[in-house]
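Welcome! Let's take a look at this protein together and see how its parts meet.

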Amino acid sequence: MGNLLKVLTREIENYPHFFLDFENAQPTEGEREIWNQISAVLQDSESILADLQAYKGAGPEIRDAIQNPNDIQLQEKAWNAVCPLVVRLKRFYEFSIRLEKALQSLLESLTCPPYTPTQHLEREQALAKEFAEILHFTLRFDELKMRNPAIQNDFSYYRRTISRNRINNMHLDIENEVNNEMANRMSLFYAEATPMLKTLSNATMHFVSENKTLPIENTTDCLSTMTSVCKVMLETPEYRSRFTSEETLMFCMRVMVGVIILYDHVHPVGAFSKTSKIDMKGCIKVLKEQAPDSVEGLLNALRFTTKHLNDESTSKQIRAMLQ
């Protein structure tokens with residue numbers, strides 16, 4: 001149907017199998033309103049990633065200031081280096097809030113009656129693509145954040161300096177930009193190893209808890225179907241060859257891992273249980289067949305950001321595959 005095609009005529013292990021054209025899916029009139037809303041958020045995602053990738057931190061200035069506490073010039077130099085960085089970190093944090101709202105809008109569209117989640121993904125290909133783009137961005141953001149300890153160091157220095165000045169009854173202009181309440185929220189956000197994934201997990205769980213009349217299966221089935229979509233595209237050469245860019249393969253892998261993590265946080269028994277609708281062995285196998293340096297971050301995401309990997313119900317084989 002359109003760019004989203006059944007690729008198998010039979011169901012294997014009852015998992016849905018689809019090909020979703022991540023490169024070319026376009027919104028129908030029925031999708032356009034929500035699609036436009038999400039698109040307005042996603043248009044800033046590349047600049048956020050570029051800004052994060054270019055983030056160097058104020059490590060040398062902070063070190064000099066700490067080692068020379070009585071040198072006013074060095075204190076001012078460190079402060080002047082840190083303040084613009086804190087404003088940049090605020091921008092990242094505020095984008096996470098926009099992304100959270102975007103995800104909840106998409107979940108509402110992709111899980112509402114009378115259609116099943118599978119029917120939604122078939123009918124609303126462009127929204128499914130935007131859902132994938134949110135997950136793709138999220139894993140890229142968190143990969144960059146985990147490799148940059150300067151972020152937490154800078155913010156910690158900022159908070160210590162603000163607290164010291166508050167004790168001395170000093171007010172700094174930047175407090176108009178990042179007040180104490182905002183600083184507290186940002187601190188919680190950046191304390192997470194994978195802050196964007198944590199944001200999306202919380203958003204998904206909040207969506208489920210707020211929509212009590214909607215069966216949780218509608219949400220988890222949407223996630224497991226998306227996982228299967230990505231797995232089939234990755235493991236089937238005929239369908240991999242349809243992509244015009246190698247980056248689309250990486251896109252699929254990031255999306256697959258992101259959806260697994262969301263499923264694992266939302267589903268009562270998680271993604272690794274035998275009763276899970278996600279073929280975890282198949283998904284891990286697909287990742288391990290890729291170049292190791294391209295998927296190590298994704299395997300680490302499964303190892304360290306999932307909720308149920310270490311449950312007793314998780315098979316020894318799956319644990320061994322992720323060692």
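How much area is buried between domain 1 and domain 2, and what share of that area do carbon and sulfur atoms give?

## The buried area

About 1900 Å² is buried between domain 1 and domain 2, and carbon and sulfur atoms give 76% of that area. Buried area here is the accessible area (1.4 Å probe) that two parts lose on being put together, summed over both.

This is a predicted model, where local features need pLDDT of at least 70 and side-chain atom pairs count only at pLDDT 80 or more, while totals for chains, interfaces and linings use all residues. Residues are numbered from 1 along each chain as its sequence is written, and side-chain values use heavy atoms, leaving out hydrogens and water.

## The two domains

Domain 1 covers 20-193 and domain 2 covers 215-322, with bounds from an automatic or database domain assignment. Their C-alpha centres are 24 Å apart. To the contact (heavy atoms within 4.5 Å), domain 1 brings 18 residues and domain 2 brings 25 residues.

## A salt bridge across the interface

Now for a charged detail. The rule finds one salt bridge across the interface of domain 1 and domain 2, a salt bridge being a side-chain nitrogen of Lys or Arg within 4 Å of a carboxyl oxygen of Asp or Glu. The side chains of Glu143 and Arg254 meet in a salt bridge, at 3.7 Å from N to O.

## The helices on domain 1's side

On the side of domain 1 that touches domain 2, helix 4 (72-111), helix 5 (117-123) and helix 6 (125-146) each supply at least two residues. Helix 6 gives the most, with nine residues. Helices are DSSP runs (H or I, at least four residues), numbered from the N terminus.
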